[in-house]
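I opened this entry to look up charged pairs and surface patches. My notes follow in the order I checked them.

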Amino acid sequence: MKITKEYKVTKYLLLIFLLSIFFVSLLSMLSYSPEDDTLFKSDSSKSSHQNLLDIFGSSLADLIFRSFGLAFYIFPLIIFSWIVKILVFKKDIHWISITIMPLTILSVCLTLALYTNEQSYNFPESTNGFVG
């Protein structure tokens, strides 16, 4: 199979897209603070956010943690494995791994819901979100 120039450009655009999703999701989740303004809570007296991505990052992280809880930390790991597969192994991402990713996140949410009884006060809902 001959690799065309369009194929290489498409592959690099996919790589840039995956890298941006990886960094945005990871930075917003790692710098999450429950005291920040979000879509669900707003305090006009606050002038700064603790999240590195400001209001966008705090809103994204709050929505993620309310929905999926700690299980969504798997999302950047999966994206990172796809990046490594493209860069290091020079392979394409198979459609099965794309379709299995949401199922993996949901199953980790369910597992956290079944095996954790404690409520975490650092997160808005709980450690497993409302999905779990």
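The model is a predicted one, and I read the distance as a computed value.

I then checked where the two partners sit. Asp92 is in the loop between helix 3 (74-87) and helix 4, while Lys11 is in helix 1 (residues 5-30). The pair links distant parts of the chain, 81 residues apart.

Are the two partners buried or exposed? I noted 41% relative accessibility for Asp92, so Asp92 counts as partly exposed. Lys11 has 18% relative accessibility and therefore counts as buried, because the cut-off for buried is under 20%.

How many salt bridges does the structure hold? I counted two. The other entry I made is for Arg66 and Asp62, whose closest N and O atoms are 3.0 Å apart. Both residues lie in helix 2 (residues 54-67), four residues apart, which is about one turn of the helix.

Asp62 is buried, with a relative accessible area of 3%. Arg66, at 21% relative accessibility, counts as partly exposed.

I found a nonpolar patch of about 400 Å², made by Leu103, Leu106, Phe130 and Val131. I followed up one of these residues, Leu106, and placed it in helix 4 (residues 95-115). Leu106 has a relative accessible area of 41% and is partly exposed.

How values were computed
Residues are numbered from 1 along each chain as its sequence is written. This is a predicted model: local features need pLDDT of at least 70, side-chain atom pairs count only at pLDDT 80 or more; totals for chains, interfaces and linings use all residues. Side-chain values use heavy atoms; hydrogens and water are left out. Patches are made of residues with over 30% relative accessible area and no salt bridge: like charges are joined within 9 Å, nonpolar side chains (Val, Leu, Ile, Met, Phe, Trp, Tyr) within 5 Å. Accessible areas come from the Shrake-Rupley method with a 1.4 Å probe; for residues, only the protein chains shown count as cover. A salt bridge is a side-chain nitrogen of Lys or Arg within 4 Å of a carboxyl oxygen of Asp or Glu. Helices (H or I, at least four residues) and strands (E, at least two) are DSSP runs, numbered from the N terminus. Buried means under 20% relative accessible area, exposed over 50%, partly exposed in between (1.4 Å probe, protein chains only).
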